[in-house]
Amino acid sequence: SKTYEYIEVSKQDQLGLIALNRPKVLNAINRPMVSEILDAMESFETDIGVRAIVLSGKGRAFAAGADIDEMANDNAIDFELRNQFKDWDRLAMIKKPIIGAVQGFALGGGFELALCCDLLYSADDAEFGFPEVNLGVMPGAGGTQRLTKLAGKTKAMEWLFTGKRISAREALHHGIVNQLISKELLMEETMKAAEQIANQAPISIRLIKEAILKAVDTPLNEGMEFERKNFYLLFSTDDQKEGMQAFIEKRKPHFKGK
Ligand code: CO8
């Protein structure tokens, strides 16, 4: 398997695991790290043995933001010519479920990366936030859009205008994370949750993810049409036949991802 410089990648049963691995700088996200995350995710995407992806950070943070040293001297045209967020756009196109485990800081670009996850499990000491305003900038990898759609305009304005930290408890209250877990059990419990999802019918999970993400960015009627097509499509899978037959026969289904 490949080796990476800024992340650690492994597999466990049906899970693909990615851990941000620059603990000395609280996993500050530089451009090569984003490329590596994308590369690892795309490998898992085509690996039929992998049914869910778990994203976490090593050390005392999930990620304390984009690497400030790397971008301190950039200007607008540098970003434009480099197409700075092309890897981020592709991250958002990963079709397998991504489950994030956040402990410590998830700030700036680190929070944006967390918001790219489909489910988020949070240590009860985690702190989220968009401190970009304190640096004279703003989120650029989807933060203003994704946070507003999750938590609403009111809190998004407050948090982005002030840059203040959002506690794990507040994040739970505003629907940003799914569940709080003690720091000691975070990875174990996240893996359990991911394993549960990995045991569901893979094509159901895939098309549900696609449809829910559609709901976030399309009008209801378009989203409904999209949902309907995906619903129809599931009836061309063996797993649908198996799932319903198992129900009728009062036994557990055995899904094959076909
Ligand atoms: N970039 C580069 N280095 C960082 C970053 C960062 N974002 N965050 C922490 N570090 C480094 C520190 O410089 C320090 O390095 P060194 O030991 O060499 O001095 C090391 O990590 C440890 O950090 P601290 O000593 O500061 O640890 P503390 O516990 O005292 O403080 C904090 C932790 C509060 C998290 C503090 O490190 C901090 O404020 N970090 C910056 C947070 C921030 O402003 N993040 C937003 C960055 S801007 C951004 O994300 C824009 C996103 C737009 C696009 C996204 C593209 C990826």
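Modeller: Let's start with a definition: two strands pair if DSSP finds at least two bridges between them. Keep in mind that we're looking at a predicted model.

Colleague: Okay, so in what sense do strand 5 and strand 7 pair, and over how many bridges?

Modeller: In general, strands of a sheet pair through backbone hydrogen bonds, either parallel or antiparallel. Here, strand 5 (residues 98–102) runs parallel to its partner, strand 7 (residues 119–123), and four bridges link the two.

Colleague: In what order do the strands of the open sheet come?

Modeller: Read across it and you get 1-2-3-5-7-10, six strands with mixed pairing. At the edges you'll find strand 1 (7–12) and strand 10 (179–181); each has a single partner strand, so one side of each has no neighbour in the sheet. From one strand to the next, the twist averages 20°.

Colleague: Which strands does helix 1 touch?

Modeller: Helix 1 (residues 31–45) packs on the sheet against strand 1, strand 2 (15–20) and strand 3 (52–57), and its direction makes about 15° with that of strand 1. Then there's helix 9 (residues 186–198), lying across strands 2, 3, 5, 7 and 10 and running at about 165° to strand 3.

Colleague: What about two helices: why are helix 6 and helix 7 called oblique to each other?

Modeller: Go by the angle: over 145 degrees counts as roughly antiparallel, and 65 to 115 as roughly perpendicular. The axes of helix 6 (residues 143–151) and helix 7 (residues 153–162) cross at roughly 135° and come within 7 Å. That angle falls between those two ranges, so the pair is oblique. From helix 6, T144, L147, T148 and A151 meet K153, K155, A156 and L160 of helix 7. By type, this contact has four nonpolar, two polar and two charged residues.

Colleague: Now the ligand: which residues come nearest?

Modeller: A28, G65, A66, G108 and G109 do, out of 22 residues around the ligand. Helix 2 (68–71), strand 6 (105–107) and helix 5 (109–115) each give at least two residues to the shell. The shell splits into 14 nonpolar, four polar and four charged residues.

Colleague: Last one: how many residues of domain 1 are in contact with domain 2?

Modeller: Seven from domain 1, facing six from domain 2. On the domain 1 side, five are charged, two are nonpolar and none is polar. The assignment puts domain 1 at 7–198 and domain 2 at 202–248, with their C-alpha centres 26 Å apart.

Conventions:
Residues are numbered from 1 along each chain as its sequence is written. This is a predicted model: local features need pLDDT of at least 70, side-chain atom pairs count only at pLDDT 80 or more; totals for chains, interfaces and linings use all residues. Domain bounds come from an automatic or database domain assignment. Two residues are in contact if their C-beta atoms, placed from the backbone, lie within 7 Å. Ala, Val, Leu, Ile, Met, Phe, Trp, Tyr, Cys and Pro count as nonpolar, Asp, Glu, Lys and Arg as charged, and the others, Gly among them, as polar. A residue is near a molecule or strand if its C-beta atom, placed from the backbone, lies within 6 Å of it. Axes are lines fitted to C-alpha atoms, for helices over the stretch in contact, and angles run from 0 to 180 degrees between N-to-C directions. Angles under 35 degrees count as roughly parallel, over 145 as roughly antiparallel, 65 to 115 as roughly perpendicular and the rest as oblique.
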